[in-house]
Amino acid sequence: MADTLNQNTFSNKKRSSGSDDCDHHDDTLFVSKKQSKSLVWEDPAAALANARHEFGEHGGVNMSIEASATFTVMEPETMRRMFAGELGPDRDFFIYSRHFNPTVLNLGRLMAALEGTEAAYCTASGMSAISSVMLQLCSSGGHVVASQTLYGGTHALLTHFLPRACNITTSFVDIRDLEMVKEAIVEGRTNVLYFESISNPTLTVANIPELSRIAHEKGVTVVVDNTFAPLVLSPVKLGADVVVHSISKYISGAADIIAGAVCGPASLVNSMMDLHQGSLMLLGPTMNPKVAFELAERLPHLGLRMKEHCKRALEYGTRMTKLGLKVMYPGLEDHPDHVLIKSMANKEYGYGGILCVDMETEERANRLMNVLQNFTQFGFMAVSLGYYETLMSCSGSSTSSELNNEEKELAGISPGLVRMSIGYNGSLEQKWSQLDKALSKMPF
């Protein structure tokens, strides 16, 4: 197959009805005609609303689900032209759903609108999105500089899997120490600077503009995991190159879907779908179109949900601080990154829906979570985040358990750190009374 099969994948041009023979070529990227004139930044919720609405096959207000694994053509010559790269998804010609699927591509358009990027491609999980990006941007002998505070699965990928399987090494840094970051990046050798916009679980906020400037001065691509802060922060607006998401979290919102996304330049996303060298094309972390449909239906109310998550996190964090608890939340004025996040955040979306409480020991953390779930019904002991109910976990023994004790200490993860993904079910005061009742049973 020709490498050119996937060029201009993210165009709006639809195939003319009644004919496979289409000589018109549209160079417009996936973005809408209105957007393609210039990627002028707007409120991310407004950008979502302005994205092209895909109607159903028979005029339904919701798009149709294209569940086919393979696609037919009307003329034999068309298939040859498709495999030669002359016809492709940019003109509504599809071969096989591991390559491209119309329903999944539509979700990609929405994700790109959300993050203000030229293109996006949706995958089967957040980890597949992260892995595919790293494998596309780095080759054997490659080098990554990454925050020492990352989701445990990402940390394990960079620490163990990539060095063993791909000869790609990582230098971990304190992402707040800009001089340390600068020294760790080796011009001509380092391929990627990788960090989370708001770190999991310590809620360190990355100085995206300064980190991007440092990386770009040395020719390094900036990749940001924005899973904790959709709508709250817009990394590309702030200087980053690529954004990855675990869509399983806030964007799904119902703890019933596993999915991911890569948002970035069309040149990168198209290269990831290259037939000979593309990490997405060849590793095949394909999203199910039925999942893509579900997620596309949830994106329009993401803004409403995020505002409520963030509002309650700030309110509970403020009240818990007054009770004398050691609370970590970027929206609190005593958080070391409060001024920074305030300068970067999109207006009206708050400071994130995650807060942490340091109970100092794992025993005390477990006791608190047990009371909150089994006696006052404040939330559930479970990993993940973005659910409408509050989810709680002791990070050191769960989602950060891939880190050894020294790595946890460097990352600032204490044995008793309780991460709470604040939900919005029930009234604010109802849920606060449940939280307050549980706290009254704990000695401080």
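Author: Let's start with a trio: Y316, F378 and W432 are linked into a cluster by ring pairs. Rings of Phe, Tyr and Trp (for Trp, the six-membered ring) pair if their centres lie within 6.5 Å; planes under 30 degrees apart are called stacked, over 60 edge-to-face, and the rest tilted. Keep in mind that this is a predicted model, so local features need pLDDT of at least 70 and side-chain atom pairs count only at pLDDT 80 or more, while totals for chains, interfaces and linings use all residues. As for bookkeeping, residues are numbered from 1 along each chain as its sequence is written, and side-chain values use heavy atoms, leaving out hydrogens and water.

Searching the whole structure turns up five aromatic pairs. One of them is F100 with Y121, an edge-to-face pair with 6.3 Å centre to centre and 75 degrees between the planes. F100 sits in the loop between helix 3 and helix 4, and Y121 in strand 1 (residues 119–123), so this pair ties together parts that are 21 residues apart in sequence. Helices (H or I, at least four residues) and strands (E, at least two) are DSSP runs, by the way, numbered from the N terminus. F100 and Y121 are both buried. Here buried is under 20% relative accessible area, exposed is over 50%, and partly exposed is in between, with a 1.4 Å probe and protein chains only.

A cavity is a set of points on a 1 Å grid over the protein atoms alone where a 1.4 Å probe fits but cannot get out, and its lining residues have an atom within 4 Å of a point. Points are joined across faces, edges and corners, and the volume is the space filled by probe spheres set on them. That rule gives five cavities of 30 Å³ or more.

Most residues other than glycine have a negative phi, and most peptide bonds are trans. D92 is not a glycine, yet its phi is positive, about 70 degrees. D92 is in the loop between helix 3 (76–83) and helix 4 (102–115), and it is buried, with a relative accessible area of 19%. Helix 3 itself is followed by G85, with a positive phi near 90 degrees. The buried residues of helix 3 are T78, R81 and M82. They cover an arc of only 100 degrees around the axis, going by the directions from the axis to the C-beta atoms, so they lie on the same side of helix 3.

E360 is another non-glycine residue with a positive phi, near 75 degrees. E360 lies in the loop between strand 9 (354–358) and helix 14 (362–374), and it is exposed, with a relative accessible area of 57%. There is a cis peptide bond too, joining N200 and P201, with omega about 5 degrees. P201 is in the loop between strand 4 (190–196) and helix 8 (208–217).

If you're wondering about cysteines, a disulfide here is a pair of cysteine sulfur atoms within 2.5 Å, and the count comes to zero. For C138, the closest cysteine sulfur is in C166, 9.4 Å away and too far for a bond. C356 is in no disulfide either, with the nearest cysteine sulfur, that of C394, 10 Å away. C138 is buried at 4% relative accessible area, and C356 is buried at 0%.

One last stop: S279 lies in helix 10 (residues 279–283) and counts as buried at 6% relative accessibility. Leaving aside neighbours within four places in sequence, S279 is in contact (heavy atoms within 4.5 Å) with S132, L135, Q136, M272 and G284.

Conventions: On a 1 Å grid over the protein atoms alone, a cavity is a set of points where a 1.4 Å probe fits but cannot get out, and a pocket is an open set with protein on both sides within 12 Å along at least five of seven lines; lining residues have an atom within 4 Å of a point.
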